[in-house]
Amino acid sequence: MFSTRFLVVPLILFAIVPTVLSALTFGFPYGSTKVRGVNLGGWLVLESWITPSLFDATNDWRIVDEWTFCQYQSKSVATQALRNHWGSWITEKDFVAIKQAGLNHIRIPIGYWAFEVGPGEPYIQGQLPWLHAAVDWARVHGLKIIVDLHGLPGSQNGFDNSGQAMSYPRWHTNSTNIQRSNAIVKRIASLFKDKSDVVTAVTPANEPAGFHGDDVLRVARQFYYDSYGNVRYPYGSSKQSQTVLLLSDAFQGSSYWRNFMPYPQWEGVIMDLHHYQVFSDWEQKLTQQQHIQRACSKAADMAAGTLWQIVGEWAPAWTDCTNHKMYSKRGWGSRFDGTYPGSSGTGNCTGMSGKASGFSAEYKVFLRQFWEAQAMTFEKAQGWIQWTWKAENSDEWSYQAGLANGWIPKNPTNYKYPRICG
């Protein structure tokens, strides 16, 4: 396990942190203007349910994540597929459309392997030019970027979206993983330290698996302290950057992090909450109205926080039926229809996922109501960033599809159901 001898809070920071928050200038007026944004999921970190065609083309069911995508096919084939994907899945036209949709932020997931590939790791590089292109496009079109380190060495959560799916994450168990992670966060901060007018925030770790208990949380807390120094002080001196540190709540909610990195010792820190209602059997058994009520109830949890808070991932999807359609053969399946191992099932996935042309008018009304309930609730904090901008065949998750089919308004504050939460 990761040795506790590494768990030392860098107290030297207290001596150089300014004590007046109002003296700081960020690239976005956090605290006074609401964050409204979207994630670019499935672009620089692969996810099989977002782009199933990329995985289906391999004809190899062992390929379930980016690690195995690079491991189980020739490097030349995988490299060409990735280059084609990076150059086509997201383009500048998407940034134009995102701006026209009234959004102000884009969160870009990227894996550690874009910056460093270690011995024995099959990952293929080439993502960084596209990250820099995205920053340039954002500058041209007046958007803000959050660089989100979505996958860490050893996997911080065991999910496929960390780059490597596994039964138990190993990131926190090895000091070398932590050292590599710190070096990569430092590099990201250095790359963008003078571009904080566009790259306004950095997330050092997406979704550490806090549900595994204090073995993970203890390491994550120390990593956050280290990341504060790396992101907020990237100049090698007492000079402070204008880049915000955006921290994942590690599935713990606002109350767990109460008084973590308190003001005025720590400044420029925001907590990133992820609110989904699809990843447990009991949530899959909620009625549509209960899902809406649960979304509205999140205001109480957010009120318990002492840091500014953004809901950095959420969606109007109310089932996990995309798993039924996308990767039941890749070892997953849906809790909603009972194809996920150990689940009892609730209903039929027909008409719940896929293309919007297969959605009923009533279902689209619900998606609009559920979207509005969440957006309004999350704006009681600092705002929201929906997952995700686009998906090949899961329109209930797609902001782009929601705009085209009416369950997401062209202006994100144009509510049809302004009293949905009472």
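A: A cavity is a set of points, on a 1 Å grid over the protein atoms alone, where a 1.4 Å probe fits but cannot get out. By this rule, the count is 1 cavity of 30 Å³ or more. A volume is the space filled by probe spheres set on the points, which are joined across faces, edges and corners.

This is a predicted model, where local features need pLDDT of at least 70, side-chain atom pairs count only at pLDDT 80 or more, and totals for chains, interfaces and linings use all residues. Residues are numbered from 1 along each chain as its sequence is written, and side-chain values use heavy atoms, without hydrogens and water.

Start with the largest cavity. It holds about 40 Å³ of space. Which residues line the largest cavity? They are Ser254, Trp257, Met271, Gly305, Thr306, Leu307 and Gln309. (Lining residues have an atom within 4 Å of a point.) This lining has 3 nonpolar, 4 polar and no charged residues. Here Ala, Val, Leu, Ile, Met, Phe, Trp, Tyr, Cys and Pro are nonpolar, Asp, Glu, Lys and Arg are charged, and the others, Gly among them, are polar.

Now the largest pocket. A pocket is an open set, with protein on both sides within 12 Å along at least five of seven lines. The largest pocket has a volume of about 880 Å³. Its lining counts 36 residues. Phe159, Glu207, Phe251, Tyr276 and Phe279 lie nearest the centre of the pocket. By class, the pocket lining splits into 14 nonpolar, 11 polar and 11 charged residues.

Three helices each supply at least two residues of this lining: H8 (281-284), H9 (288-303) and H10 (321-326). (Helices are DSSP runs of H or I, at least four residues; strands are E, at least two; both are numbered from the N terminus.) H9 gives the largest share, 3 residues.

UniProt, in an unreviewed entry, lists residues 73-315 as "domain: Glycoside hydrolase family". Over residues 73-315 the chain is 39% helix and 15% strand. The end C-alpha atoms of this range are 33 Å apart.

How far to trust it? The chain averages a pLDDT (the predictor's confidence in each residue, from 0 to 100) of 92. At least 70 is scored by 92% of the residues. Residues 1-23 fall below 50, yet this stretch has 54 contacts in the model beyond near neighbours in sequence. (Contact means heavy atoms within 4.5 Å.) Residues 325-329 also stay under 50, with 15 contacts beyond four places in sequence.

Definitions and conventions: UniProt positions are given in the numbering used here, feature names are shortened, and annotations may be inferred rather than shown by experiment.
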